[in-house]
Amino acid sequence: MRRLLQMLGICLAVLLLNSCFDNSKYDPQPYVRSLEIIKLSEQDYIHVSFLQDQHGGYIPCNGYIRVQEGEAFIFDTPINDTLSEQLIAFVQEDLKATIKGVQVSHSHMDGAGGINAFAKAKIPTYASAKTAALLAQDSVAVSNSFLQKDSIQIAKNFIILEYLGPAHSDDNSIAYIQASDILLGGCMIKPLDGTKGNLEDANLDEWSNTVTTLQNHYPKVLLVIPGHGGRGNKELLDYTINMFKKNNLEEKTTAETMAAVTN
C-alpha cells in the first residue's frame, strides 16, 4: 500500500509541475493533410491535395497523372509548391517517367497553386490564354497558352487540351485522353453528390451550355474525373448540366414572377 501511495504521489507531482508551464507555444501547427495518390491502373493515377475551408475542414482537390512508356502528363497541380515538388519526385523517381507537361485547368489554388514548382523544375506548363492572363497578374508565367485547343503527345498518344467556354470560372479548360476516353473536367464538372461549390468567379448563365458543348465534343467518354469528389462516367456531365440548367430556370421564373407582380 505504501508503495502504491508513493507512486500516486509522484504522478500527482508530475501533473502539478506540468501545469506550471505554458505549453501553448509548443502546440503543434494546425493539421494539414499531405498529398495522396490513387492508382487506377498502371497508366492512370489521381493525385489529391487538401484545401482548408473557412470552417476548418479539408476539401479534397483532384488532379491526374497519365504515364505511358516512360513519359507523363499531369492535369492540375497540388494546392502549393511543396506538395507539387513531392508529386514531381513521385512521378520521376517512383514511376520512372519524364514529365512532358502540366496543364492547369484554371487560375484558382486548386488548379494552379503549385505551378511555380513545375516551372522551377523546367517542366512545360499549359493553360488557356484566359488562365495565363490571370496568372500573369500575380507574376506567374505559363510557358504554353492556347485560345481554344492544344495537345500534348505522351508516347504515341495525344492528350487534347481545350477551352470550351465559361463555367466554374471564365477561364476553365479541360483535357481529354483519346486513347482511353478519359475526361479531366476540373471544377467545371461536379461529382454525383456534389453541390454548386465556390461560385465567386462562376458564370451561372453559361455553365450548363458549356458542359453541353463538352458533352457533344466527346460523346464516347468512359471515365470522368471532376475537380472535387468521386469520379464517374458521363452521368457526371448530365448531373452538372441539370444542376445549373435548373438554376437558370429558377432564376428566370423568379424574375418573371417579380415582373408580373410589379406590373
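At 22% relative accessibility, E71 is partly exposed, a class that lies between buried (under 20% relative accessible area) and exposed (over 50%), with a 1.4 Å probe and protein chains only. K100, at 31%, is partly exposed as well. These two residues form a salt bridge, with the closest N and O atoms 3.6 Å apart; the term requires a side-chain nitrogen of Lys or Arg within 4 Å of a carboxyl oxygen of Asp or Glu. The pair links distant parts of the chain, E71 in strand β4 (residues 71-75) and K100 in strand β5 (residues 98-103), 29 residues apart. Helices (H or I, at least four residues) and strands (E, at least two) are DSSP runs numbered from the N terminus.

The model is predicted: local features need pLDDT of at least 70 and side-chain atom pairs 80 or more, while totals for chains, interfaces and linings use all residues. Residues are numbered from 1 along each chain as its sequence is written, and side-chain values use heavy atoms, without hydrogens and water.

The whole structure holds 4 salt bridges. Another of them joins D170 and K130 at 3.4 Å, N to O. D170 lies in the loop between β9 (157-163) and β10 (173-177) and K130 in helix α5 (residues 129-136), so this pair ties together parts 40 residues apart in sequence.

Strands β1 (residues 36-39) and β2 (residues 44-52) run antiparallel, joined by 4 bridges; pairing takes at least two DSSP bridges. I38 has I46 as its bridge partner in β2. A hairpin of 4 residues connects β1 to β2. K39 forms a salt bridge with E42, the closest N and O atoms being 2.8 Å apart.
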